[in-house]
Amino acid sequence: MKSINLTNVYDSHRTSFLLFVRSYFPNFSMQDAEEIYNDSFLVVYNNIQSGKLSNLTCSLQSYINQIGKYKIFDFYKKRNIKTDYIEDFTISDIGSNIDEIWE
């Protein structure tokens, strides 16, 4: 069985998750996004450890993003904040404007 370095997996999905948050939740703070990523990654890890997740039907990145999305919704709900989620936005819509998103 191949050994997986958890740190590498964590690092390899972090930037894409933060880009996802910046794209879909433009007013969400990056500090809070980092915390949401940590929580989301921990959920994935715990689901694997408990046997709840044994086979993915999507990419690991999509799975993490979906967990994170609902954690952000909960974040907004707990603080009674109206979400600014951009529902129909796709990563392909970013195109050559990726540098603008990070600013």
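The axes of α1 and α2 come within 10 Å and cross at roughly 135°. Axes here are lines fitted to C-alpha atoms, over the stretch in contact for helices, with angles from 0 to 180 degrees between N-to-C directions. α1 is therefore oblique to α2 (under 35 degrees is roughly parallel, over 145 roughly antiparallel, 65 to 115 roughly perpendicular, the rest oblique). The crossing of α1 over α2 is right-handed, that is, the near helix is turned clockwise from the far one by less than a right angle. On the α1 side, the contact includes L6, V9, Y10, H13 and F17; on the α2 side, it includes M30, A33, I36, Y37, F41 and Y45. Contact means heavy atoms within 4.5 Å.

This is a predicted model: local features need pLDDT of at least 70, side-chain atom pairs count only at pLDDT 80 or more, and totals for chains, interfaces and linings use all residues. Residues are numbered from 1 along each chain as its sequence is written, and side-chain values use heavy atoms, without hydrogens and water. Helices are DSSP runs (H or I, at least four residues), numbered from the N terminus.

| Pair | Axes come within | Crossing angle |
|---|---|---|
| α1 and α2 | 10 Å | roughly 135° |
| α2 and α3 | 9 Å | roughly 125° |
| α1 and α3 | 10 Å | roughly 50° |

Helix α3 spans residues 60–78, and its axis crosses that of α2 at roughly 125°. That angle makes α2 oblique to α3. Their crossing is right-handed. Among the contact residues are I36, Y37, F41 and V44 of α2, with L60, Y63, I64 and I67 of α3. By class, this contact has eleven nonpolar, three polar and three charged residues (Ala, Val, Leu, Ile, Met, Phe, Trp, Tyr, Cys and Pro are nonpolar; Asp, Glu, Lys and Arg charged; the others, Gly among them, polar).

α1 and α3 are oblique to each other as well, and cross in a right-handed sense. V9, S12, H13, S16, F17, F20 and V21 of α1 meet L60, Q61, I64, N65, G68, K69 and I72 of α3. Seven of these residues are nonpolar, six polar and one charged.

Which residues line the largest pocket? They are I4, L6, V9, F41, V44, Y45, I48, Q49 and L60. α1 (6–24) and α2 (30–50) each give two or more of them. The largest share, five residues, comes from α2. Eight lining residues are nonpolar, one is polar and none is charged.

Conventions:
1 Å grid on protein atoms, 1.4 Å probe; cavity = no way out; pocket = protein on both sides within 12 Å on 5 of 7 lines; lining within 4 Å.
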